[in-house]
Every structure is written in C-alpha cells, then in structure tokens.
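Have a look at the structure, then work through them in order.

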Amino acid sequence: MSRKKKDPIELFQSGQLVKVSAPMVRYSKLAFRTLVRKYNCDLCYTPMIVAADFVRSEKARDSEFTTNQGDCPLIVQFAANDARLLSDAARIVCPYANGIDINCGCPQRWAMADGYGACLINKPELVQDMVKQVRNQVENPRFSVSIKIRIHDDLARTVDLCRKAEATGVSWITVHGRTVEERHQPVHYEAIKIIKENMSIPVIANGDIRSLKDAENVCHITGTDGVMVARGLLANPAMFAGYEETPLKCIWDWVDLALELGTPYMCFHQHLMYMMEKITSRQEKRVFNALSSTSAVLDYLTDHYGSNM
C-alpha cells in the first residue's frame, strides 16, 4: 500500500468547512469510515489506540489498525505519555496514514490513571516533547501531527497549552469544548472561539454537533476551520451530506460495506441500532435490538424496507 495521496493540510487551505469523523472506541473502524466518506466526510480518525501496546504487540497492531487504499485522508489517534513510544508508533503507521493525533481529551478514569488522555492538558511540556519526537522520527514533512484536547476551567491555561503546541510544530488542534469533569453540560463554543483567535494553525470544533446545520452554526460562532462529529455521525452517517435522518440508502450501504469488510456481528448490529434510532418505533426497536444473527438482520431489513437494489 503506497503512501496516501490526499493531504489533510491542503483540506484546511481550501477555505471550505472541513468535516471530520471523530475517533470513537469500537466504532470508527474501516467499514464505518468508508461509509461516512461516501456521504461528504472529508477526514476520518481511527479509534484511539494505546501506543505502548501497538509498538510492543503485533497482535494489537493487526486487531487495532486496518486500512485500505480508499481510506484516506486518515489520521491514527494514539493514547501516549511517552515520546519515544509515540514516535515509534508513528513510524509504524506512517506509510499507511496521513498523520497521527495525540489524545489529550479522553476523560475516562482508566486513561487518566495510566497518564493518558485528558490529564495531558496539564502537561504541556510532555505534549511538546511528544510532538517534537514524532517530527524528528518521521521523515515525511507532509505527515501531520495534531492534538485533541478538552478545555481547562481557567481558559488562559488552555490557550497557553495550544500556543506551546503550535510553537512545537503541531499541524492543527481539535478542541472539545468541555472540561474534563463535564459530560452532558452545554459545550463552551465561546471558549473554542477564543482559542481559535489565539492560533495561526487550523482549529477544529468538537461537541454536540448533530446536523450539517449545527456544523455550519458552530463554525460561524467559533470561526474554526472544521468540525469533528462523533455521536451525530453514529446516529446519521449521512449527516454531512445534509440528511436530517439516516436515509435508507445509507443503511443498505452500511450492510454492503460491513459484509464486504468482515465487520463482527456485534459491531454491525450496534451501528444499525444507532442509525435506525430515529426511524423506528419502540416496538420495532425491541424486535430489532433482540436479533442475534446477520441473516436475521438482513431478513428484518428486507421485510421492513425492501431490498437494497
């Protein structure tokens, strides 16, 4: 597989809103990335991969990272707290991806306890060291190194972190507009706007974007260069193409891609549950969610929605 052709840095120079699919544990795998790309998604991230495991174990590499020729531009997101291990991981994926992203935003307890994720927003020097090491180790100057962060209660600290990262050569920054403690509270778009005003590199806004209209509004409010979406795309992978709810064609596209790429049943079924949430009654959900085989799902879809021709 040759080096990927499309360059994400050029996407940001186009002046168009860059539409990004977020790193999602279990969900943002190859089949789903292929699906959202069919519906106007510009840039996709892999699920977060623990760099130490990835470097040490071939088994982890094979299970955590699959791609193909059409899967670009692609960013591989790593959880890391060691510059050496991260740069080794970046070297391994370099021929197959357009860049890596350092997760500085995951608020889950296990990640924080291991020194990964959102605790890195309080360690700007470590983040700088990781960025530098990757830059030194990866020979391709077009290979991007980005970070995804949450914000501090004291926004001056976040701006300081972002400025330090920019000075070290970060390609762009994705800002999830909540603090580490916040889960379902409203997103602080004003904070994202302030960060963007303090940066010369591209900034991507993330948090509670459920439709193309939302994406355009957030971009307007924050002045950011792109938007990153997670749950909104799970519920409607055709969101970036302007659909308000998942069109039937998209559901059948998922079936075709998942079968073609060998998606495990649990994942295949779970994606359909998310996608059909808005278009099924409670009774239909009970029946559909209890299905336990691919053939049962295909029969259900054919009975309810006709064939995929």
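**Exercise 1.** Work out how much space the largest cavity holds and which residues line the largest cavity.

*Solution.* Start with the volume: the largest cavity takes in about 30 Å³. A cavity is a set of points, on a 1 Å grid over the protein atoms alone, where a 1.4 Å probe fits but cannot get out, and lining residues have an atom within 4 Å of a point. Grid points are joined across faces, edges and corners, and the volume is the space filled by probe spheres set on the points. Next, count: the structure has 1 cavity of 30 Å³ or more. Then list the lining, which is made of S28, K29, L30, R33, P47, E64, F65 and T66. Sorted by class, that lining has 3 nonpolar, 2 polar and 3 charged residues. Here Ala, Val, Leu, Ile, Met, Phe, Trp, Tyr, Cys and Pro count as nonpolar, Asp, Glu, Lys and Arg as charged, and the others, Gly among them, as polar.

A word on the ground rules: this is a predicted model, where local features need pLDDT of at least 70, side-chain atom pairs count only at pLDDT 80 or more, and totals for chains, interfaces and linings use all residues. Residues are numbered from 1 along each chain as its sequence is written, and side-chain values use heavy atoms, with hydrogens and water left out.

**Exercise 2.** Describe the largest pocket by volume, lining and contributing elements.

*Solution.* A pocket is an open set with protein on both sides within 12 Å along at least five of seven lines. The volume of the largest pocket comes to about 900 Å³. Its lining counts 31 residues, with P23, P107, Q108, R150 and A230 nearest the centre. Two or more lining residues come from each of strand 6 (144-150), strand 9 (226-229) and helix 11 (231-235); helices (H or I, at least four residues) and strands (E, at least two) are DSSP runs, numbered from the N terminus. Helix 11 gives the most, 3 residues.
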